[in-house]
Amino acid sequence: MSETKLVDARDTFCPGPLMELITHMKQASVGDTIELLSTDEGSGADVPEWVNKVGHEMLSNEKIEGVWHIKVRKAK
Amino acid sequence: MPQKFNIVCVTGTREKMQMAAMFASVAAATGDEVTVFLSMNALTYFVKGRAADAPAEGELGALLIAEKGVPPFKTLFQQAVELGDAKLLPCSMALDLMKITKEDLDSELGPPTGLTRFLSDAEDGQLLTF
């Protein structure tokens, strides 16, 4: 059964949000979804870059009221 | 295709330690092979019981210290080791100069390494110096 986990990395600067995501990715199972919250502008672009490079699946990336919501599915 | 990065930290200012730690953690967690060689003033922050109070060089360094949400450089180096199998190698000459041994350093540091060894291990990778 795949799970969705919320990782709140608001108010941390690069590479804080990315490292939070990677830490939780390591612990997650294949198929799980992680929703990362970030207020760091650079991370909004750089986190998807990492996700694509490593080969996970970007589900969505939207900015809502100043907060990036980045949804990623663990693919391997 | 994984790359190989050799990161050399010597200066020990806040900006340089932070940037080196960012490179190390992101590259290692992305699957690149990362070796960090710590010498001169940069090694002092990894001596047990010492504060990681690297001084700022300028405006950005002061901001790194003042802003609460900046990940501490030692945390990032630890994550490079834990999440990406990075190696943190203390310079054997710096240890000799400070009259300390590996036992006096934080546990995440690898074996004391001399320049001959480091250079031969580093020959087919990129070298970044801070």
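Predicted model: local features only at pLDDT ≥ 70, side-chain atom pairs only at ≥ 80, totals over all residues.
Strand 2 of chain A spans residues 33–38. Of its 6 residues, 6 are buried, so the strand is largely enclosed by the rest of the structure. Both faces take part. A:T33, A:E35 and A:L37 point one way, A:I34, A:L36 and A:S38 the other way, and all are buried.

Strand 2 of chain A pairs with two strands, taken in turn here. With strand 1 (residues 4–8) of chain A the pairing is parallel, over 5 bridges. Here A:E35 is the bridge partner of A:L6. With strand 4 (residues 67–73) of chain A the pairing is antiparallel, over 6 bridges. There A:T33 stands opposite A:R73.

Together with strand 1 and strand 2 of chain A, helix 1 makes a right-handed β-α-β unit.

**Backbone features in the loops**

Most residues other than glycine have a negative phi, and most peptide bonds are trans. The loop between strand 1 and helix 1 of chain A holds A:P15. The peptide bond from A:C14 to A:P15 is cis, with omega near 0°. A:D11 is found in the loop between strand 1 and helix 1 too. A:E65 lies in the loop between strand 3 (57–64) and strand 4 of chain A.

Terms used. Residues numbered from 1 in each chain as written. Chains lettered and ligands numbered in written order. Heavy atoms only, no water. Buried < 20%, exposed > 50% of the residue type's maximum accessible area, 1.4 Å probe, protein only. Helix = DSSP H or I, 4+ residues; strand = E, 2+ residues; numbered from the N terminus. Pairing = 2+ DSSP bridges. Right-handed = clockwise from strand over helix to strand, strands pointing away.
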